[in-house]
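Biologist: Here is a structure to go through. Let us take the labels one by one and test each against its cut-off.

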Amino acid sequence: MKQIKFRGKRKDNNQIIYGDLCIYDIIYFIGIAKTIFELRKNVFVPNVIWYEVEPESVGQFTGLEDKQGKEIYEGDIFDSPSKNKFYVIWFKDGWFIQNVKDKGIHPIQRLSEIASYWKVIGNVYENQELLK
């Protein structure tokens with residue numbers, strides 16, 4: 001089964017967290033399970049702590065890992081063998097990579113074709129210096 005999860009930067013302390021995404025109006029939250037389930041009134045319900053996150057920092061897990069086994073998320077940056085840098089985007093029907101120097105949406109290659117050969121070196125939210 002495909003695992004759907006997200007990451008984002010907490011507003012209160014700038015920590016990157018991983019979990020489920022909830023959008024309420026214009027506020028984004030990522031929830032982390034404290035315990036899997038707890039019993040309330042004879043019904044098992046998830047026990048989740050929700051943290052408000054910066055909307056622009058939210059990235060979805062792609063379901064893929066890089067060459068070192070690190071999970072790849074939307075917005076992750078790769079250093080290619082040619083030393084060009086690329087980042088992960090969702091485009092039409094799948095995950096793609098795009099050169100950090102390109103403006104606009106110009107997907108170059110499907111992420112699945114390079115993911116296990118390249119290494120994630122950061123992401124566009126925390127490592128702006130890698131985009132230069």
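Modeller: Start with aspartate 25, in the loop between β2 and β3 (27-40). Keep in mind that this is a predicted model: local features need pLDDT of at least 70, side-chain atom pairs count only at pLDDT 80 or more, and totals for chains, interfaces and linings use all residues. Residues are numbered from 1 along each chain as its sequence is written, and side-chain values use heavy atoms, without hydrogens or water.

Biologist: Why is aspartate 25 called exposed?

Modeller: Its relative accessible area is 68%. Exposed means over 50%, buried under 20%, and partly exposed in between (1.4 Å probe, protein chains only). So aspartate 25 counts as exposed.

Biologist: What else marks aspartate 25?

Modeller: Its phi is near 60°, a positive value in a residue other than glycine. Lysine 92 also has a positive phi, of about 55°, although it is not a glycine.

Biologist: Where is lysine 92 found, and what makes it exposed?

Modeller: Lysine 92 is found in the loop between β8 (85-91) and β9 (94-99). Its relative accessibility is 71%, so it counts as exposed.

Biologist: Now threonine 62. Why is it called buried?

Modeller: Threonine 62 has a relative accessible area of 8%, so it is buried. Its place is in strand β5 (residues 59-65).

Biologist: Which residues does threonine 62 touch?

Modeller: Contact means heavy atoms within 4.5 Å. Leaving out residues up to four places away in sequence, threonine 62 touches Ile72, Tyr73, Glu74, Val88, Trp95 and Leu111.

Biologist: How do you know that its side chain makes polar contacts?

Modeller: A polar atom of the threonine 62 side chain lies 3.2 Å from the backbone nitrogen of leucine 64. A polar atom of that side chain also lies 2.9 Å from the backbone oxygen of isoleucine 72. The cut-off is a pair of N or O atoms within 3.5 Å; within protein, one must be able to donate a hydrogen and the other to accept it, and residues adjacent in sequence count only if both atoms are side-chain atoms.

Biologist: How many helices and strands does the protein have?

Modeller: There are 0 helices and 11 strands. Both are DSSP runs, numbered from the N terminus: helices are H or I with at least four residues, strands E with at least two.

Biologist: What makes β1 and β2 a pair?

Modeller: Two strands pair if DSSP finds at least two bridges between them. Strand β1 (residues 6-9) and strand β2 (residues 16-24) have 4, in the antiparallel sense.

Biologist: How many bridges join β7 to β11?

Modeller: Strand β7 (residues 76-79) is joined to β11 by 4 bridges, and the two run antiparallel. Isoleucine 77 stands opposite glycine 122 in β11.

Biologist: In what order do the strands of the open sheet stand?

Modeller: The 5 strands run β10-β9-β8-β7-β11, with antiparallel pairing.

Biologist: Why do β10 and β11 count as edges?

Modeller: β10 (109-110) and β11 (119-123) each have a single partner strand, so one side of each is left without a neighbour in the sheet.

Biologist: How much of the whole protein is buried?

Modeller: Of its 132 residues, 36% count as buried.
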